[in-house]
Amino acid sequence: MMVIKMVMIMMTCLVSCPSGLLVIGHLLALSSVNTQSEIWTNEVSDVQYGRLGSNVTLVCGAALDRTSVKWRLNRSSMLPWQHRVTSDGQLVLLQADRTAEGNYSCHDDRGRLIRTTRLRLGHPPGLLNVSCRVSNHSLVLCSWVESVKTLLPAQYHTSYRGNKSQVRMCVVSSPPQKQCTITDPTMWQHYHNINITETNPLGSQTTILMVKFHELLQPDPPEAVTAVGMVGYPMRLQVYWTNPASWLHDAVPFPLRFQLRYRPVGSSIWSNVESKSSPLLITDALAGHAHQLQVRAQDDINPDSQWSDWSPLLQACPWSGSTAEPTEETFPVDYNDTDADASTANTKSESSEDDGGSLLILLALFAGIILVLVSSLSVLMWVRQRRRDNVTKQELTSMVKMKSMPI
């Protein structure tokens with residue numbers, strides 16, 4: 001009560017003096033400004049979605065005299081040039097494009113705000129491009145890419161079903177929500193149907209993909225690949241690796257088989273060896289030369305599974321007898337396999353050029369020998385024919401002489 005009395009006394013004092021009236025007016029003006037700002041920041045009463053390229057209609061709401069409604073876009077009276085206002089105050093945007101998006105507000109003839117609407121434009125969903133990766137027996141990761149850029153917020157409902165099982169959920173990950181995870185799949189069923197439905201404010205679209213998990217099974221590449229030389233053995237390399245970390249997630253570990261390929265640096269020909277465990281001994285390395293090595297893995301039980309990608313290219317040298325201690329150079333190579341192939345191609349081209357030159361020389365010598373032989377045979381035949389002609393001439397001469405002799 002005391003506080004109320006003190007406020008009343010202050011108001012009476014302010015009203016009784018001219019300066020007090022000015023203070024009250026100033027306070028009322030500030031209150032009006034704050035109220036207006038709250039209207040612009042908090043009065044977006046609705047979000048409306050429309051399809052790009054179509055006509056979009058915005059409704060003003062409960063206006064007393066809708067014929068006098070005025071529309072604004074982002075507080076400006078400048079509206080998209082393709083529009084019209086109907087007799088009941090509705091705003092129709094003709095063939096709306098992205099420039100028509102924004103905050104629309106409608107006002108009465110006194111400028112008072114009636115309603116605000118935020119407009120967003122886009123497209124309804126289309127079919128999705130879905131792919132699934134199976135890196136072990138207990139986890140399947142499916143991801144997708146939109147074939148139509150909707151430009152609108154979307155939600156995804158995902159599920160899967162085997163040919164002999166019930167419908168189960170594929171758990172959608174947190175935003176951007178374009179992948180889902182299947183745990184403990186029924187791997188050995190013949191096929192599964194992945195069902196993904198995309199929904200946005202303009203509609204929904206379902207994509208169904210039939211997959212075979214046992215054929216998609218592809219381990220990650222082996223890890224921690226190293227190679228060391230063996231003392232006293234210049235043609236040997238001992239190669240070590242570990243199973244990929246993702247393969248260890250299985251409660252019951254499934255065996256893997258491995259393939260190692262290696263070659264001397266600069267060669268284009270790989271040697272391949274298979275093994276079911278690490279380490280693996282190379283016994284035919286080229287002494288004194290660095291070698292490139294890679295390892296990959298495949299499920300040893302499932303013959304329909306895929307080989308993993310090759311591990312990163314590794315370079316190592318066998319032991320060299322030039323030093324008392326073994327030379328063990330093991331380090332990842334920054335360049336990829338294509339670079340090695342390029343250098344090999346250069347070496348091969350140079351050697352092919354040398355071989356081509358030698359071949360030309362041999363062909364020239366062979367041609368020369370053939371020419372000499374042909375020439376010699378021609379001369380021999382000419383001499384032989386010449387002798388035959390002489391013999392025939394002598395015989396004719398003798399016969400003439402004998403006939404001329406008297407009997």
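How many bridges join β8 to strand β9? The answer is given in point 2, after the basis of the model.

1. Basis. This is a predicted model, in which local features need pLDDT of at least 70 and side-chain atom pairs count only at pLDDT 80 or more, while totals for chains, interfaces and linings use all residues. Residues are numbered from 1 along each chain as its sequence is written, and side-chain values use heavy atoms, with hydrogens and water left out.

2. The β8–β9 pairing. Strands β8 and β9 (residues 139-146) run antiparallel and are joined by 8 bridges. Within this pairing, C132 has C142 in β9 as its bridge partner. Strands (E, at least two residues) and helices (H or I, at least four) are DSSP runs numbered from the N terminus; two strands pair if DSSP finds at least two bridges between them.

3. The surrounding sheet. The order β8-β9-β13-β12 describes an open sheet of 4 strands with antiparallel pairing. Because β8 (128-136) and β12 (171-172) stand at the edges with a single partner strand each, one side of each has no neighbour in the sheet.

4. The chain overall. The protein chain contains 4 helices and 23 strands. Of its 407 residues, 30% count as buried, meaning under 20% relative accessible area, with exposed over 50% and partly exposed in between (1.4 Å probe, protein chains only). Among contacts (heavy atoms within 4.5 Å) with a separation of 6 or more, 60% are between residues 24 or more positions apart.

5. Surface. The accessible surface of the protein chain is about 25,700 Å², and carbon and sulfur atoms contribute 59% of this; areas come from the Shrake-Rupley method with a 1.4 Å probe, and for residues only the protein chains shown count as cover. F366, I369, I370, L373 and V374 form a nonpolar surface patch with about 480 Å² of accessible area together. I369 belongs to helix α4 (residues 337-404).

6. Backbone geometry. Most residues other than glycine have a negative phi, and most peptide bonds are trans. Q95, in the loop between β5 (91-93) and β6 (102-107), has a positive phi near 45 degrees; Q95 counts as exposed because its relative accessibility is 53%. L151, in the loop between β9 and β10 (155-162), has a positive phi of about 65 degrees and, at 39% relative accessibility, counts as partly exposed. A cis peptide bond, with omega about 5 degrees, joins S278 and P279; P279 lies in the loop between β19 (271-275) and β20 (280-282).

Technical notes:
Patch = residues over 30% accessible without salt bridge, like charges linked within 9 Å, V, L, I, M, F, W, Y side chains within 5 Å. Salt bridge = Lys/Arg side-chain N within 4 Å of Asp/Glu carboxyl O.
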